[in-house]
Structure formats: C-alpha cells, structure tokens
Amino acid sequence: MPVLTPDQASYSSRVQVLIIGAGACGTIAALAANERGAEVLILERDARPMGNTSLSGGQIPAAGTRLQKAAGLMDDTPELLFQDLVAKAHGECDLEIARHVAYASGPTVEWLAERYQLPISPVLEFQYPGHSRPHMHASPTRYGAELLAVLVSAVEGEGIPIATSAHVTDLFADASGHVHGVRVKRPDGKQEDMGCDVLILACNGFGGNKDMLRQYIPEAVDLFYEGHAGNQGEAIQWGIALGASVKDMGSFQGHGAVATPHAVHLSWPTVTEGGFHVNQAGRRFSNENSGYSEQALHVHRQAGQYAWAIWDERGEGPANKQHSHMQANEAGAIKRHDSVASLAKAIGCDEAVLAETFADVAACANGSKTDALGRDFTRKPALQAPFYLCKIIGALTHTQGGLEINTDMRVLRTDGSPFPNLFAGGGAARGLSGPADWGYLSGSGLLMATSTGRLAGEAAAAQVGPAQA
Ligand SMILES: Cc1cc2nc3c(=O)[nH]c(=O)nc-3n(C[C@H](O)[C@H](O)[C@H](O)COP(=O)(O)OP(=O)(O)OC[C@H]3O[C@@H](n4cnc5c(N)ncnc54)[C@H](O)[C@@H]3O)c2cc1C
C-alpha cells in the first residue's frame with residue numbers, strides 16, 4: 001500500500017522540506033531550498049547517490065547563457081530552445097511547462113556554474129539533431145558522474161544532510177491529499193517514519209520497472225535498459241494513489257546506438273557527421289538523423305534485433321570526446337576499416353549490397369538523389385575511408401511520462417487543482433517529449449531535472465518559510 005493514513009505513522013524526526021532522490025533534480029532542489037533558508041533533508045535509496053544522472057552524458061541544454069556568449073555564441077535565446085522543444089514534440093507537450101523550463105534553463109546553469117563551481121561550458125564540437133543552436137552545456141568529461149559529484153559535494157558543503165540507503169516505500173497523507181511524511185526502509189529491514197512540511201518527489205520515472213513498462217510502454221519492455229535500476233516509478237504510483245494526474249505515460253527516451261555486447265552507447269556525431277546504420281543485409285532502414293531516441297525501436301525491429309553503425313573520422317573526432325563513446329573504444333567495441341569490402345566482411349553481408357548503400361548515400365550527399373528514408377544528407381560530405389564500425393542495439397534510456405505539474409512544480413490532481421504540499425521534478429514529472437519516443441529533444445532529461453529541481457526547491461522553501469533558529 002503506497003499511501004498510508006497519518007495515524008499509521010510513528011515519526012522519529014521531522015523536517016521542513018523532504019526530498020526523495022539524490023540525482024540532479026533532488027540535489028539541485030535541495031540547494032535552492034537551502035539558499036532560501038529552509039531546513040532540508042534528502043532521502044536516497046542507494047548507498048551512494050548515482051541515479052540516471054551519474055550514468056548520463058551530463059549534457060544540459062540552456063539558452064542565452066553568459067557561458068555561450070563568452071564562447072562567441074551570441075544568438076541563442078530561451079525562445080529558440082522553447083521552439084526546438086515544441087517542434088521535436090510536434091507541439092504535443094505541455095507548452096506552458098516547456099516555455100517555463102526553457103526560460104529557466106539559462107539562469108539555472110549560470111547559477112550552478114557561478115555559485116557552486118559546476119565546471120561547465122558550451123558543447124561546440126557538434127550540434128544535436130533538432131537543436132537550432134548549440135544549446136548543450138557540459139563538464140569537460142561529458143560525463144554525468146562528474147556533474148553529480150559536483151552537486152553532491154555542493155550539497156554536503158552547504159551542510160544539507162543526505163540520508164543514503166534510505167528507500168522510501170510509503171507516503172503518509174490525509175484525505176485532502178496533504179502529505180504528512182514518509183516511511184523509509186533500511187537495508188537491514190528496519191523501518192523509520194519521517195515527518196515533513198512539504199515533499200519533493202525527485203525519484204525519476206519507471207524505466208527499471210518491467211511491470212509498469214508492460215502496462216504503459218509495451219514496445220519498450222524488451223529493449224535493453226540503459227538507465228538506473230532504482231527508477232521503479234514509485235513517485236508515479238504514489239501520485240496515482242493520491243489522485244494525481246499522470247500524462248504521456250507511453251513516452252520514453254531511447255538510444256539507437258548502444259554497442260553490443262559492451263552496453264555503452266556511441267555518441268551521436270557518429271550520425272550527425274554523415275554516418276549511418278545498416279542492418280545485417282547491409283541496407284539502411286530509417287532516417288537515423290531524426291534523433292537517437294526514435295532510432296532505438298528502428299534498430300530493435302531489424303532481423304536479430306541489432307544493426308551496424310558506420311561512420312568516419314569526421315564523426316569519430318567529436319564523438320570520442322564523450323565519455324560513453326570513449327568507453328566503447330576502450331572496450332574494443334569500435335573497429336576501423338579501410339574499405340567497404342572490409343566493412344562487408346566484418347558485418348558478414350554481401351559486399352555489393354553494402355557498396356550500393358554507400359553509393360546511394362553519396363548520391364544523396366551530393367544532391368543528385370533524394371533519400372528514400374527522408375534524411376537530408378546534403379549538409380555533410382559523403383563518408384571517406386577509413387571507416388568505423390560497431391554492432392549496435394536499441395536501448396531504453398529513461399521514461400518520459402509522469403506526474404503533471406504546474407509552473408510552481410506542484411503536483412496536480414486529475415481535476416487540475418494542485419496538492420497542498422507535494423512538488424515533483426526531473427524524471428518523476430511529465431517530460432517535454434509528448435506522447436511517444438519520437439518527441440525527445442536531446443538533453444531534455446537534464447533540462448527538466450536541473451530547471452524543475454531549482455524551481456521546486458524555490459517554491460517549496462517559499463511555502464515553508466525560513467527555518468527557526
Ligand atoms: C546512459 C544515459 C545517458 C544520458 N545522457 C543524458 C544527457 O547527456 N543529457 C540529458 O539531458 N539527459 C541524459 N540522460 C537522462 C538523464 O540522465 C535524466 O533525465 C536525469 O538524470 C534525471 O534526473 P533525476 O534527478 O530526475 O533522476 P535520477 O538522476 O535518476 O535520480 C533519482 C534518484 O532517486 C532515487 N530513488 C528512486 N526511488 C527512490 C525511493 N523510493 N526512495 C529513495 N530514493 C529513490 C534513485 O536511486 C536516484 O538516485 C541520460 C540517461 C542515461 C541513462
């Protein structure tokens with residue numbers, strides 16, 4: 001029973017702002033609430049904070065930042081980021097939240113860089129599909145573990161407690177939907193009840209929960225899950241039990257190029273710089289450049305549920321600046337080939353078929369042909385040897401459906417009214433991708449986690465007021 005009545009609780013402690021989850025959303029919410037004088041506690045199920053944040057590429061879209069201007073990018077604006085989000089989601093996301101988050105993105109990234117020394121700068125080595133400007137910001141390693149390490153150390157530096165190995169199993173709420181506290185289960189089986197004035201749900205979506213995937217996204221159940229096992233969808237289950245509105249539950253971010261069997265993804269310059277994917281027969285099967293999310297199911301639907309990524313030096317240069325791609329290289333997943341014949345031999349396909357695919361792409365690149373799969377190849381020259389090859393599968397990265405929130409990050413009931421003291425952000429909240437896998441604009445995950453985390457922390461602190469000395 002995920003939501004219990006208040007009389008079933010036996011509180012051992014009480015805090016003003018209680019946050020479930022120590023990923024980007026939870027840690028940033030904690031910093032924002034603490035800055036406004038609130039007393040904060042984070043509860044984290046793992047022995048050490050990790051979450052999807054630490055598995056990620058750590059790339060955060062933010063528009064019109066001082067960091068972009070310092071790098072000579074003068075023409076990015078929150079409005080452009082908003083338009084990119086809406087265009088990718090075909091207008092089917094919550095437009096008010098998308099606009100709010102796009103406008104919050106720049107101040108959030110600047111605040112993290114300037115106040116908490118997040119070592120972040122614009123990503124200039126390539127531009128993601130659907131980004132009309134280089135919106136991405138990341139730390140030098142392009143690795144989320146570095147991002148989370150900085151956030152956790154900022155939280156610790158502020159003296160904000162993080163209780164680890166603290167798995168929240170239940171909420172206590174009354175009939176009005178007012179949350180009084182939570183029940184925590186420790187690894188030794190002991191339980192502890194903690195009271196709170198407000199609760200922020202920052203415990204991500206349900207990518208690790210096969211039953212929920214079966215219910216909401218059956219087509220993703222068999223995809224390899226690239227995310228954190230602890231994302232069990234509890235925020236959504238508690239919300240539903242309380243009468244909250246959940247939206248876009250069939251939506252997810254996939255990744256269409258995970259090296260197999262190595263289980264780390266290739267970076268997307270392998271596609272944006274002219275590379276493409278072929279199946280075991282040596283034929284292309286989709287517009288790879290639509291986005292890495294929707295490419296996951298395209299790859300999964302090929303014979304054997306795998307495909308082959310082919311790219312050249314132009315893609316390898318920027319790709320190999322990204323942590324996961326470097327891991328793929330270190331694992332020996334990526335092989336260099338001097339000719340199409342050598343590629344065909346490694347794939348085990350008919351050389352003539354692969355040569356035909358190369359000729360077809362070259363014709364599309366020089367504009368003498370239009371791609372039958374709808375991709376515009378004209379922006380980059382055709383691939384040149386040496387080529388790079390990797391066997392790939394499609395993966396589920398994280399779910400995008402979740403709790404409906406308003407611009408104060410308050411969780412909404414099905415009738416649209418806000419709960420009195422319940423906030424949500426990051427992957428626990430409805431994402432910006434619309435109803436399916438095709439609506440995910442690269443970086444929307446951390447965009448949501450960082451901006452909604454900050455906004456939720458601020459709103460929660462404003463509700464409780466400063467802690468009494
Ligand atoms: C391989 C990979 C690469 C990615 N790359 C990018 C990228 O470059 N850019 C981008 O924007 N997005 C990326 N994403 C998505 C991004 O990582 C997520 O959208 C983002 O980290 C979500 O942050 P969060 O704080 O909401 O969740 P998380 O970081 O997952 O944190 C949630 C925390 O809640 C804890 N928790 C869960 N349930 C409970 C409970 N019941 N009790 C206590 N604690 C609980 C979890 O243990 C976890 O620590 C990537 C994801 C993956 C998997």
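## A guided tour of a two-domain chain

Start by colouring domain 1 (3–248 + 400–464) and domain 2 (252–396), the two parts into which the chain is divided; these bounds come from an automatic or database domain assignment. Before you go on, note that this is a predicted model, where local features need pLDDT of at least 70, side-chain atom pairs count only at pLDDT 80 or more, and totals for chains, interfaces and linings use all residues. Residues are numbered from 1 along each chain as its sequence is written.

**Stop 1: between the domains.** The centres of domain 1 and domain 2, taken over C-alpha atoms, are 32 Å apart. Where they meet, 24 residues of domain 1 are in contact with 28 residues of domain 2 (in contact: C-beta atoms, placed from the backbone, within 7 Å). On the side of domain 1 that touches domain 2 you will find 11 nonpolar, eight polar and five charged residues. Here Ala, Val, Leu, Ile, Met, Phe, Trp, Tyr, Cys and Pro count as nonpolar, Asp, Glu, Lys and Arg as charged, and the others, Gly among them, as polar.

**Stop 2: helix 6.** Now select residues 144–157, which make up helix 6. Helices (H or I, at least four residues) and strands (E, at least two) are DSSP runs, numbered from the N terminus. Which residues of helix 6 are buried? They are Gly144, Leu147, Leu148, Val150, Leu151, Val152, Ala154 and Val155 (buried: 20 or more other C-beta atoms within 10 Å of a residue's own; exposed: 12 or fewer; partly exposed: in between; C-beta atoms are placed from the backbone). These buried residues pack against helix 1, helix 2, helix 5 (95–116) and strand 7 (162–163). Just after helix 6, click on Gly159, which has a positive phi of about 75°.

Stop 3: Two bridges link strand 5 to strand 6 (residues 136–138), and Pro122 lies opposite His137 in strand 6.

**Stop 4: Tyr11.** Finally, pick Tyr11 in strand 2 (residues 11–20). Is Tyr11 buried or partly exposed? Tyr11 counts as partly exposed because it has 16 C-beta neighbours inside 10 Å.

Notes:
Contact = placed C-beta atoms within 7 Å. Pairing = 2+ DSSP bridges. Expected span 1.5 Å × (residues − 1).
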